[in-house]
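Hi everyone, and thanks for coming.

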Amino acid sequence: MKPSDTSSEVLLRGHEITRRWGGLVALDRVSLALERGSVHAVIGTNGAGKSTLINILSGEIPPSNGSVELLGQDVTDWTQPRRARLGLGRSYQRNTIYPSFTVFENCRLAAQASTQKPWQWWRSAQHCEASTSAARQAAARAGLTDLLDRPAGLLSHGQKRQLEIAMCLATSPQVLLLDEPLAGMGAEETERMLALLSELKTGHAILLVEHDMDAVFRIAERITVMVNGAVIASDAPAGIRSNPQVRLAYLGEH
Ligand SMILES: Nc1ncnc2c1ncn2[C@@H]1O[C@H](COP(=O)(O)OP(=O)(O)O)[C@@H](O)[C@H]1O
Ligand SMILES: [Mg+2]
């Protein structure tokens with residue numbers, strides 16, 4: 001949609017990121033840039049390094065080499081909570097919700113965790129109001145308004161993934177790192193999630209790690225293909241589809 005000569009706004013940049021686990025090179029000089037208003041998908045077979053990349057960008061683990069820039073600042077040495085406060089949100093490959101808490105309570109906890117020091121959270125009524133309203137807005141944006149009072153453990157699989165997105169949104173991020181948000185979803189849930197993601201593009205930069213190739217090719221502006229920790233191609237979907245190296249290494253018959 002956007003002409004390529006329009007100046008883009010890079011919100012998150014990974015520069016030459018390498019990660020070793022003992023003798024294994026899980027990531028080999030991976031660079032990528034996430035722009036506001038677009039979905040950047042990272043695809044690759046199991047073990048390619050996708051989750052490791054997300055963990056490094058989010059600050060969960062440090063890179064062996066390379067750097068991460070968030071909103072123009074070098075955050076390579078920052079902790080995950082500090083990056084979150086600057087505007088980085090992430091979801092996990094496995095659910096991280098509290099099943100006995102309601103949808104609203106899960107969102108509010110996420111909002112509180114992102115704005116407050118843990119030892120202050122019960123103190124300030126003002127903060128409490130702010131996180132209550134952030135939680136409501138996030139749940140609404142993720143399509144969960146009707147389920148605010150439902151214990152999260154009673155949600156369907158697809159609704160749980162929506163809740164994960166809502167919890168991410170409750171932290172008011174500008175960048176969203178999503179690790180397989182469509183995993184295990186049926187067709188209808190997938191459609192709902194894709195509609196949500198394309199709506200969330202506005203105002204956010206989204207990194208999407210996903211195995212569902214149909215979904216990836218439908219929704220992504222850019223696709224980075226990884227094999228054994230290295231980027232073998234990064235291009236618009238049409239370019240990736242016709243890239244002989246990608247077809248050989250990854251897409252097979254697609
Ligand atoms: N904590 C860890 N310790 C040792 N090796 C790891 C660890 N996490 C990931 N790896 C290895 O790094 C490689 C990349 O893993 P991962 O990033 O999870 O791949 P993907 O998400 O693409 O499936 C794999 O070979 C995996 O076994
Ligand atoms: Mg993974």
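Let me start with a question: which residues are around ligand 1? They are Trp21, Leu24, Ala26, Thr45, Asn46, Gly47, Ala48, Gly49, Lys50, Ser51 and Thr52, where a residue counts as near if one of its heavy atoms lies within 4 Å.

Before going on, some ground rules. This is a predicted model, in which local features need pLDDT of at least 70, side-chain atom pairs count only at pLDDT 80 or more, and totals for chains, interfaces and linings use all residues. Residues are numbered from 1 along each chain as its sequence is written, chains are lettered from A and ligands numbered from 1 in the order in which they are written, and side-chain values use heavy atoms, with hydrogens and water left out.

Back to the ligand. That shell divides into four nonpolar, six polar and one charged residue; here Ala, Val, Leu, Ile, Met, Phe, Trp, Tyr, Cys and Pro count as nonpolar, Asp, Glu, Lys and Arg as charged, and the others, Gly among them, as polar. Now some polar contacts, meaning pairs of N or O atoms within 3.5 Å. A side-chain N or O atom of Trp21 is 3.2 Å from a nitrogen atom of ligand 1. The backbone takes part as well: an N or O atom of Gly47 lies 2.7 Å from a ligand oxygen, and one of Gly49 lies 3.0 Å from a ligand oxygen. On its own, ligand 1 has 560 Å² of accessible area, and the protein covers 59% of that (Shrake-Rupley method, 1.4 Å probe).

Which elements give two or more residues to this shell? Strand S2 (24–35) and helix H1 do, and H1 has the largest share, three residues. Helices (H or I, at least four residues) and strands (E, at least two) are DSSP runs, numbered from the N terminus.

Let's follow S2 into its sheet. This is an open sheet of four strands in the order S2-S1-S4-S5, with antiparallel pairing; two strands pair if DSSP finds at least two bridges between them. S2 and strand S5 (73–74) are at the edges with a single partner strand each, so one side of each is left without a neighbour in the sheet. H1 packs on this sheet, touching S1, S2 and S4, and its direction makes about 120° with that of S1. Contact here means heavy atoms within 4.5 Å, and angles run from 0 to 180 degrees between the N-to-C directions of lines fitted to C-alpha atoms, for helices over the stretch in contact.

Finally, S3 and S9 run parallel, joined by four bridges, and Ala41 stands opposite Ile223. S9 and S10 run antiparallel over five bridges, with Ile223 opposite Asp235.

How values were computed. A polar contact is a pair of N or O atoms within 3.5 Å; within protein, one must be able to donate a hydrogen and the other to accept it, and residues adjacent in sequence count only if both atoms are side-chain atoms.
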